[in-house]
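Please open the structure in your viewer and keep the selection panel at hand. The stops below move from one selection to the next and say what is found at each.

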Amino acid sequence: MNQNPRSMIIGTGSAAPEKVLTNHDLEKMVDTSDQWIRERTGIERRHILEEGKTNSDLAKLAAERALKSAELKASDLDCIILGTITPDLSFPSTSAIVQAKIKAFNAAVFDISAACSGFLYGLTLADSMIASGLYKNILVIGSEVLSRMTDWEDRATCVLFGDAAGAAVIAASDGERGVLSTYMKSDGRLGNLLHCPGGGVSHPASHETVDQRLHYIKMEGNKVFKHAVRTMVDAAVHGLDLAGVRSDKIDLLITHQANKRIIDAVAQRLELPDEKVFINLYEYGNTSAATIPLAMDEALRKGRLNKGDLCLMVAFGGGFTWASALVRM
Ligand code: UT7
């Protein structure tokens, strides 16, 4: 008999900046149109963090909301895992900055760089840490301020991204509910299709790297699109197989929110009808590591996801990385 405790999500929270940038606003900035963006991506608007605020401010809000919904104090946390590719600083980690801001002084903290899969990578680790019996309450956050690494002169990328944070508190399960399976995978050979070349030690910040616009997201959208569909289906199928669950048992599919056409293709391959698929990219665009916890929190608040429901979450991102988690809520 398996003695390891199963983990479960006992609270969620999210935060998006107030400022909204619509497709019509973007028409005034680059050669694009509301029609192109809606038809090719499904995105209508995105939220942009105001100057003077940073990633950890958004993450703090999401974290506090998740703690409130879990009915826990920050001091109850023994670990904080934060997925991001837009950290406040190179170091210390953004999770350490969030720890100080929410006063979670009993927690160990670390960041994960797995791009859009960052939250599900974090959930996978949290699940294993709970199963080890050594950790009780873990806060997993996905938080991004992509607007600060978006090239606002590149129409191929600037219409896609937005800022947001989402968080979930993971604790030992009290029964049948909880995380039923997790799955993580990567392929570093494909990293150049979606990356930010500047800022690391390969190309440290200099006048030259700034002039060459190396500190912005670069993406070969078309190639990334095909891998996104393939890998998210792979993650979904493996996650279901590991738990011995058929796709028709899923109550809600939450995928990474990058493009409505990608989400539709994944749902179609899993033979899931529209009503079993959660989409909120119309409102936020692609918020990388924040998309999954933001969508999960919204689905719970809107009653699209309820206690006892079977939720399959799948993500794909730069690296490449991809992951899934099957959860009985
Ligand atoms: O979060 C990580 C995962 N990221 C993703 O999953 C993103 C995956 N990729 C995509 O979602 C899509 O590839 C994009 C939305 C990025 C692009 O859509 P697409 O249908 O693949 O367009 P495309 O790149 O093949 O470009 C088609 C045309 C091109 O013009 P020509 O060469 O046919 O004349 C582009 O220059 O659309 C043009 N175009 C635009 N036109 C108006 C590209 N961006 C824009 C734009 N507005 N914003």
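**Between the two domains**

The count between domain 1 and domain 2 is three salt bridges, a salt bridge being a side-chain nitrogen of Lys or Arg within 4 Å of a carboxyl oxygen of Asp or Glu. The model is a predicted one, in which local features need pLDDT of at least 70 and side-chain atom pairs count only at pLDDT 80 or more, while totals for chains, interfaces and linings use all residues. Residues are numbered from 1 along each chain as its sequence is written, and side-chain values use heavy atoms, with hydrogens and water left out.

To see the two parts, colour residues 7-175 as domain 1 and residues 180-328 as domain 2; these bounds come from an automatic or database domain assignment. Their C-alpha centres lie 14 Å apart. Across the boundary, 46 residues of domain 1 are in contact with 44 residues of domain 2, where contact means heavy atoms within 4.5 Å.

The area buried between the domains is about 3,700 Å², and carbon and sulfur atoms give 62% of this area; buried area is the accessible area (1.4 Å probe) that two parts lose on being put together, summed over both.

Helices (H or I, at least four residues) and strands (E, at least two) are DSSP runs, numbered from the N terminus.

**A salt bridge to select**

A search of the whole structure finds 15 salt bridges. Glu283 lies in helix H10 (residues 281-284) and Arg45 in strand E3, so the pair ties together parts that are 238 residues apart in sequence. In this salt bridge between Glu283 and Arg45, the closest N and O atoms are 2.7 Å apart.

**Around the ligand**

Now centre the view on the ligand, which 24 residues surround, the closest being Thr32, Arg40, Asn222, Asn259 and Asn286; a residue is counted here if one of its heavy atoms lies within 4 Å of the ligand. A polar side-chain atom of Asn222 lies 2.6 Å from an oxygen atom of the ligand, and an N or O atom in the side chain of Arg261 is 3.0 Å from an oxygen atom of the ligand. At Gly221, look at the backbone instead, where an N or O atom lies 3.0 Å from a nitrogen atom of the ligand.

**Backbone details in the loops**

Most residues other than glycine have a negative phi, and most peptide bonds are trans. Select Phe91 and Pro92, whose peptide bond is cis, with omega near 0 degrees; Pro92 lies in the loop between strand E4 (79-83) and helix H4 (94-102). The peptide bond from Gly319 to Phe320 is also cis, with omega near -10 degrees. End at Ala115, which has a positive phi of about 50 degrees although it is not a glycine, in the loop between strand E5 (108-112) and H5.

Key. Polar contact = N/O pair within 3.5 Å; in protein donor to acceptor, adjacent residues only side chain to side chain.
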